[in-house]
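Q: Could you show me how to read the secondary structure and burial in a model like this one?

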Amino acid sequence: MRAACGWGELSPELAAAALDGCLLAITAHDAQGRIAGFLRAIGDPLYLYVQDAIIAPELRGSGLGTRMMQRLLARIDADFPAAHVMLMCAKGRERFYSELGFEARPSRDFGPGMQRLR
């Protein structure tokens with residue numbers, strides 16, 4: 001699914017290690033049983049990061065991503081009530097996440113998110 005969405009391929013070993021290291025993962029499947037959406041949260045009980053929010057291109061705009069994020073956030077609220085939930089938003093997806101309660105950074109209280117470049 002990553003490759004089909006332009007995110008590149010992972011080796012099965014690296015994909016398995018990434019899944020083993022996440023705290024929560026949610027998938028959605030289409031009528032043929034293929035993965036149509038994938039979300040995962042990584043981190044610890046205090047700081048959770050939403051990673052790999054991937055929706056099949058043909059299903060974007062259908063509400064699937066919103067329903068999946070709502071389900072993931074409900075699980076986080078239930079299982080990790082003290083957690084701060086963060087993510088790095090893909091360019092152009094800010095409105096989607098702000099409608100789910102996320103605030104763009106920098107903001108009044110927080111500086112910009114940053115990423116180490118290699």
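The dialogue below takes up the sheet, a helix and some backbone features in turn.

Q: What should I keep in mind about the origin of the coordinates and the numbering?
A: This is a predicted model, in which local features need pLDDT of at least 70 and side-chain atom pairs count only at pLDDT 80 or more, while totals for chains, interfaces and linings use all residues. Residues are numbered from 1 along each chain as its sequence is written, and side-chain values use heavy atoms, with hydrogens and water left out.

Q: Which residues of α2 are buried, and what covers them?
A: An α-helix has 3.6 residues a turn, so residues three or four places apart point the same way. In α2 the buried residues (under 20% relative accessible area, with exposed over 50% and partly exposed in between, using a 1.4 Å probe and protein chains only) are Leu-64, Gly-65, Met-68, Met-69, Leu-72, Leu-73 and Ile-76. They cover an arc of only 160° around the axis, taken from the directions from the helix axis to the C-beta atoms, which puts them on the same side of α2. Their cover includes β1 (24-29), β2 (35-43), β3 (47-55), β4 (84-87) and α3 (94-98), where contact means heavy atoms within 4.5 Å. On the face turned away from the buried side, α2 carries the exposed residues Asp-77 and Ala-78.

Q: Where does the backbone have a cis peptide bond or a positive phi in a residue other than glycine?
A: A cis peptide bond, with omega about 0°, joins Arg-105 and Pro-106, and Pro-106 lies in the segment after α3. Asp-52, found in strand β3, has a positive phi near 50° although the residue is other than glycine, and Asp-52 counts as buried because its relative accessibility is 16%.

Technical notes
Helices (H or I, at least four residues) and strands (E, at least two) are DSSP runs, numbered from the N terminus.
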